[in-house]
Amino acid sequence: MQNKPNEKVAYWQQIQTFYDKLPLSSRMSLSVCVFSILLFFMIGLSAYQISLEESQEVLDRQMQEMASFLDRNNISDRTSIYDRHRPYDETDLFIDIVPREELQKGNSRPDYLMPYAEEAHFEKIHSSRGELKVYVLPLPDKQIQISQFIKVRRHLAKQLAFTMLIPYVLFMPFAIYGFYRLIRHHLKPLDELKQTFALRDYSDLSEIHIQRLPAEITPAIDELNHLFHRIQQAQQQQKMFIANAAHELRTPLTAIRLQTSLLTKTSKDSKAYAENLQDLEQSLKRMSHLVEQLMSLAHQDVQDKQALQSVNIVDSIRRCVGQLLASAHKKHIDIQVQIQDEQAKINVAALPAPLDTILLNLMDNAIKYNPEHGAVLLKINSDLKHVYVEIHDNGDGIDPSQYEHVVQRFVRLEKTQHQAIGSGLGLSIVQTALEQIHAEMHFQPSAWLRGLQVSLKFLRWKE
């Protein structure tokens, strides 16, 4: 017994699988066919009900007129005859004119005759002849009874309903075929789209252009073209990144190779040997810095998204300042930190590692591109929703036209290239880390130290 429900489920699953494999035009046509069949039965049922009501009304009126005619013409008493083997139709009526006293005898009257009534009325009865619709017209001395089989009325209603459905039956095959042709015509752009994808090379990321696409498909194709455009941009950026990385790595490698060659040919006691050794150390530092920056970028590109957490930004700033104090003292740079409310606990929605990366890179830039005996000022303010950090320096600053340009990878301004060792990746790393924690960065001239002001906006952590 338990296998039968499982067999039914498997059967319907097979039907669903078959339906899903059909082309869209066939599925739509099949749906139209099923809908047409259901509509046929609904119309047929409605037509039958309407025909039955109309025929009942007409035949009832006919029975009333027949009884009135018999009354007016004073037709003598009579009893109807029923032939079990004869087929009856809607034209056949049983006419009984029975004296009043015979109807009042009780059990002696046949079951198809109604008892004497007080007034004229219709009634349905079950008799030895079958189910009958009866009209009774009582008179002072007799009663006229007109009877008719109910089944003949139903048969008449079925015939009328079928007659009404004949145009539908004749028309529907042509209509379904017409629907199928229209569906195929309107879905023709999808066939073109299929051919376009089938013939398209895997490396082809150009836009897809298909004429007369359905309005439901157009947004999806627009999004696909937008995706192709983003993939092209990503591939181009990747190619540029690899080319720039190779170029940046080649420069210190070439310098190291030349300096090593010079060292092997120079006496260790000479002044040139010490200078070449110092240049070699600088090239190694530059290469080491570049590799660290590349590794940081690679880590940012592959790491998964993590839920933001509460991080005390004051503690992060103090920790980063502590790591950069040696570099600042080397150039005699004074680092000042101003906090709006030193007693308040200022927490931001962030991640510790990206936040440290942002602060270290920006403060390191402020120190590197500052002249000796300069200053770096950090200001921390907050409101109910955000925490604001400003980093001021009194270096040469950045031209406003270059603000968007400097956050791109391997971009270094010409006027600052001689001031410090750099890879052009620092601000790009900062920008990526800011996006990771939903923070913002803006540049503007510093009104305090007349150099560059970097403004950061973080989401404040809601306790």
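Visitor: Where is L277 found?
Guide: L277 is in helix 7, residues 271-302. Helices here are DSSP runs of H or I with at least four residues, strands are runs of E with at least two, and both are numbered from the N terminus. This is a predicted model, where local features need pLDDT of at least 70, side-chain atom pairs count only at pLDDT 80 or more, and totals for chains, interfaces and linings use all residues. Residues are numbered from 1 along each chain as its sequence is written, and side-chain values use heavy atoms, with hydrogens and water left out.

Visitor: Is L277 buried, exposed or partly exposed, and what are the cut-offs?
Guide: L277 is partly exposed, with a relative accessible area of 42%. Buried means under 20% relative accessible area, exposed means over 50%, and partly exposed is in between, using a 1.4 Å probe and protein chains only.

Visitor: Now helix packing. At what angle do helix 8 and helix 9 pack?
Guide: About 35°, with axes 9 Å apart; helix 8 covers residues 313-330 and helix 9 covers 352-368. The axes are lines fitted to C-alpha atoms, for helices over the stretch in contact, and angles run from 0 to 180 degrees between N-to-C directions.

Visitor: Which residues make that contact?
Guide: On helix 8 they include I313, S316, R319 and C320, and on helix 9 they include L355, D356 and L359. Contact means heavy atoms within 4.5 Å. The contact residues divide into eleven nonpolar, three polar and three charged. In that count Ala, Val, Leu, Ile, Met, Phe, Trp, Tyr, Cys and Pro are nonpolar, Asp, Glu, Lys and Arg are charged, and the others, Gly among them, are polar.

Visitor: What does D356 touch?
Guide: Leaving out residues up to four places away in sequence, D356 touches S316, R319 and C320. D356 is buried, at 17% relative accessible area.

Visitor: And C320, buried or exposed?
Guide: C320 is buried, with a relative accessible area of 1%. C33, by contrast, is partly exposed at 24%.

Visitor: How many disulfides?
Guide: The count comes to zero, taking a disulfide as a pair of cysteine sulfur atoms within 2.5 Å.

Visitor: What about the largest nonpolar core, which residues have the most contacts inside it?
Guide: Those are I313, L362, I391, L456 and F458, in a core of 43 residues. A nonpolar core is a set of buried Ala, Val, Leu, Ile, Met, Phe, Trp, Tyr and Cys residues joined through side-chain atoms within 4.5 Å. A second, separate core of 14 residues includes L103, Y112, L113 and V136.

Visitor: Which residues is F458 in contact with?
Guide: Setting aside neighbours within four places in sequence, its contacts include I313, V348, L355 and H386.

Visitor: Last topic, backbone. What is phi for H332?
Guide: Near 55°, a positive value in a residue other than glycine. Most residues other than glycine have a negative phi. H332 is in the loop between helix 8 and strand 6, and is partly exposed at 48%.

Visitor: And where is H438?
Guide: H438 is in the loop between helix 10 and strand 10. H438 has a positive phi of about 60° and is exposed, at 54% relative accessible area.
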